[in-house]
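I am opening this notebook to record what I looked up in the model, entry by entry.

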Amino acid sequence: MREKNKVDFNIIYPDVLKLEKAELHLHLDGSLRLESMLEIAEEENIPIPGKNILAIKKQCVFEEGIKSSLTKFLKYFQFTLQFLQTESSLSRAVYELLEDLHKENVTVAEIRFAPHLHQLKGLTLDKVLNAVIAGLNKATNEFPIKAGFILCMLRGLKLKHAHEVIEVAEQYYGKGVIGVDLAGDESKYPLELYRNPLIIAVKRGINVTVHAGESGPVEEIRKAVFEIGAKRIGHGIAIIKDPPLIQMLKEKKVALEVCPTSNVQTNVVKSYPFHPVNQILQKEGIVTINSDNRLISNTSISKEFSKMIHFFHWTIDDVKKVIDNAFNASFMVPGSTSKH
Ligand SMILES: [Zn+2]
C-alpha cells in the first residue's frame, strides 16, 4: 500500500511534458537504455551478471532514496562504458538518446562525453567522433531536434589527454561539436591543474563549460568564469555561499547547469528540500534544469522539472522562465549541426 504523502519521484506533470525544452547537461555514458545494453552485451559478448535487465539495472541505476557518493557514481560509469566501445554502439546510443529526448519535447540537446573513455577496444578518437556524429545526423534527420556534442576533459587523466580533447574539438567544431567541458572529481583535481588547456580552448573560440562548485568550493566557479572564461557552469550550486557572485555571473550572462537529482544522489545535498536551486533562482541566478544522467539517476528533464514543482511549488511560468534560460544559454549555433 502506498504511504500517505510519499513522493512519487517518477511523476511527470503533463504541462511540463508538453513544453518545448532545452537540455544542456547530459552525459552519454549515463543515459543509455537498459534494453539496448542487454542487446549490445549479446552482440559484443560482454560478460554481464544475470543476463537480464534487472541484473544490469543493479549495476548502474540509483535506487531512489538510497544515498551514495561521487565515487559510487563513477563506478556506475565504469559499468556503462563497456557498452560504448564500438562505432555501432556509439551511434545507436546517441540516436536512441535523442529519440528519448524528442519524446519529451526536448528540441535542443547538448550531449557530453569524454572521447578517451571509448577507446577500450581500440577505436581512434576520429572513429569515436564519426560514430557519434552519425547517430546525431540520423536522429536530427528524423526528429525535430537540434543537437550537438560537448567533449569532456577528465580530471584525473593526464594533461596530454586534455590537450587532445581540445584538438579534436577544434577539428570537429561546427560539424557536431559545440564545446568542451571539464568533468570528474573536482575535490581531488582542482581546476588549476587544467588551466592551460582550458585557456587554449577559450582562445581558439571554443565554448567552454566546467563542472565546478558541485562537490568543490565556490572559488572554483569564480576561477572558471573570471580567470578561464567559461560561458556556463556545470552544477555550480556552491554559489549559494556567495550571493554577490550570483549577481556577477548574471551580469556576465553565465548560466548554471543545475542537476538536482544528481546532487541528492551523490550526497552533495542532503535531500531535495535542502537543494539550493530555488534560492539561487530567487536571487536571480541564471538557472537551467538538467538531468545529468537519465539512466544512472533514473530521471529525465521532465521529471526534474516536476520535482521542482513538487518541492518548491514552481508555477508553470517559473518552469517556462528556466526553460528560456536554457535556450538562451545553449551553445547550439544556427546551421552547425541540424537542419531544423
Ligand atoms: Zn555532469
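**Pocket**

I began with the largest pocket, whose lining I count at 30 residues, with L74, F77, L117, L154 and G184 lying nearest its centre. Here a pocket is an open set of points on a 1 Å grid over the protein atoms alone, where a 1.4 Å probe fits and protein lies on both sides within 12 Å along at least five of seven lines, and lining residues have an atom within 4 Å of a point. The model is a predicted one, in which local features need pLDDT of at least 70 and side-chain atom pairs count only at pLDDT 80 or more, while totals for chains, interfaces and linings use all residues. Residues are numbered from 1 along each chain as its sequence is written, and side-chain values use heavy atoms, with hydrogens and water left out.

I noted about 670 Å³ of space in the largest pocket, the volume being the space filled by probe spheres set on grid points joined across faces, edges and corners. Two or more lining residues come from each of α4 (70-81), β2 (106-113) and β3 (146-154), and α4 gives the most, with 8 residues. Helices (H or I, at least four residues) and strands (E, at least two) are DSSP runs numbered from the N terminus. By class, I recorded the lining as 13 nonpolar, 9 polar and 8 charged residues; Ala, Val, Leu, Ile, Met, Phe, Trp, Tyr, Cys and Pro count as nonpolar, Asp, Glu, Lys and Arg as charged, and the others, Gly among them, as polar.

**Core**

Next I looked up the largest nonpolar core, which has 103 residues, and of these L28, L98, L151, V180, I233 and W314 touch the most other members. Such a core is a set of buried Ala, Val, Leu, Ile, Met, Phe, Trp, Tyr and Cys residues joined through side-chain atoms within 4.5 Å, where buried means under 20% relative accessible area, exposed over 50%, and partly exposed in between, with a 1.4 Å probe and protein chains only. Helix α6 (residues 125-142) supplies the largest share of this core, 8 residues.

For L98, leaving aside neighbours within four places in sequence, I listed contacts (heavy atoms within 4.5 Å) with A109, I111, L136, A139, F143, I145 and A147. Another core, of 11 residues, lies apart from the largest one and has V108, I286, A329 and M332 among its members.

**Single residues**

I placed T288 in strand β8 and found it buried, at 0% relative accessible area. Beyond four places in sequence, the contacts of T288 include L24, A255, E257 and V322.

K283 sits in the loop between α12 (277-282) and β8 (287-289) and counts as partly exposed, at 36% relative accessibility. Leaving aside neighbours within four places in sequence, I found K283 in contact with I240, P243, I246 and Q247.

Which residues other than glycine have a positive phi? One of them is H235, with phi near 70°, which belongs to strand β6 (residues 232-235) and is buried, with a relative accessible area of 0%. Another is H313, with phi of about 60°, which lies in the loop between α13 (301-312) and α14 (316-329) and counts as exposed at 63% relative accessibility.
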